[in-house]
Amino acid sequence: MKVLIAAPFAKKYGKKIEKLGYEVLTYDENNPNEKDDYGEDILIGAINLKKINYKNHKNLKYIFLTSVGIDFLDLEYIKDNEIILSNNNGAYDDPIAEWIVYGLLQINKFDRKNIENQNKKAWGKRSFSYNLYGKKALFMGTGTIALAGAKRLKGFDMELNGFNTSGRKVEPFDNVYSLDELDKILPEMDYIIMCLPGTEKTHHILNKERFENLKDDSVIVNISRGATIDEEALIDALKSKKVRGAALDVFEEEPLSEDSPLWEMENVYIYPHISFSCEDLGYRQFVTAYQNLKALRNDGDFKNIVDFDKGY
């Protein structure tokens, strides 16, 4: 069977794939459609696949993603053509969880001001900053990333709350709320941490009405998908100080436009979709795709096969 991957990816993992008995094909990321059809059975990649015309690839039977998100693909086409799709769910939980903690601390401890003072060699002593201890956090989503984030925040003596559609209980959350309960409990929460997949049901789940319903001085962290938040409503909430601060790794359109007001806001920390970044990225990036390549050669015990009805 033939595996198609981008040339830089082949340099990292091509030999490991070949050792499993596959033929490795590569494409140039600057000219991904140099060929109409590469003849591959398996396509591996992430957001870079958005640039390749995989609909022209007649032998394509499997897409193994190195990313968690899948919303950049034509899911209807993939489903209709019975292409098996896997994502990399769970691979980046640890680094993203650290970024959640990092974002909260940046906002609460006035990180931008600290760095400005250091750059100016200004002592800038002050006696006030915000706390994590004694506060309530709501994780929007109770998947593996949310679990990893909650475990790390447990040591800060916070009340950890989760949200999922049914309200089913999940450890280590103190409470888990359902969609029917969401609007009732939002005003109680100090920190809202977005960990939802990008689906039709989660699109703008944090909208204008829900921003108005938030507790004053609440804080937003988004490491999931940009479209889970109505960005214009977020900007309004930040301007009015209804939302005290935001740490944002994802946006409705990426890269974030230079015209976005978010760039100029002192209470906003912007990351260019890098919360997955870590020292051991090489392992994490390839872990699910490699397992599924082995499964295809052996027992067919695939990991992280996408449920198209759920959208993740």
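Which helix gives the most to the positive patch? In this predicted model, local features need pLDDT of at least 70 and side-chain atom pairs count only at pLDDT 80 or more, while totals for chains, interfaces and linings use all residues. Residues are numbered from 1 along each chain as its sequence is written, and side-chain values use heavy atoms, with hydrogens and water left out.

The positive patch on the surface consists of Lys15, Lys16, Lys19 and Lys294. Helix 1 (residues 7-19) gives the most to this patch, with three residues; helices (H or I, at least four residues) and strands (E, at least two) are DSSP runs, numbered from the N terminus. Lys15 lies in helix 1 and is exposed, its relative accessible area being 67%. Buried denotes under 20% relative accessible area, exposed over 50%, and partly exposed in between (1.4 Å probe, protein chains only). Patches are made of residues with over 30% relative accessible area and no salt bridge, like charges being joined within 9 Å and nonpolar side chains (Val, Leu, Ile, Met, Phe, Trp, Tyr) within 5 Å. A salt bridge is a side-chain nitrogen of Lys or Arg within 4 Å of a carboxyl oxygen of Asp or Glu.

A patch of negative charge on the surface is formed by Glu232, Asp236, Glu252 and Glu253. Glu232 belongs to helix 8 (residues 231-239) and counts as exposed because its relative accessibility is 55%.

Zero disulfides are present in the structure, a disulfide being a pair of cysteine sulfur atoms within 2.5 Å. The sulfur of Cys195 is 17 Å from the closest cysteine sulfur, in Cys278, and is therefore too far for a bond. Cys278 is likewise in no disulfide. Cys195 is buried, with a relative accessible area of 13%, whereas Cys278 counts as partly exposed at 27% relative accessibility.

Most residues other than glycine have a negative phi, and most peptide bonds are trans. The peptide bond from Glu171 to Pro172 is cis, with omega near 10°, and Pro172 is in the loop between strand 7 (159-163) and strand 8 (175-177). The bond from Glu254 to Pro255 is also cis, with omega near 0°; Pro255 lies in the loop between strand 11 (243-248) and strand 12 (268-270).

Positive phi values occur in Glu82, at about 55°, and in Asp157, near 55°. Glu82 is placed in the loop between helix 2 (75-80) and strand 5 (84-86) and is exposed at 68% relative accessibility. Asp157 occupies the loop between helix 5 (144-153) and strand 7, and its relative accessibility of 59% counts as exposed.

How values were computed. Areas by Shrake-Rupley, 256 points an atom, 1.4 Å probe, with all protein chains shown as cover. Lys, Arg positive; Asp, Glu negative; His and termini not counted. Charge placed at Lys NZ, Arg CZ, Asp CG, Glu CD.
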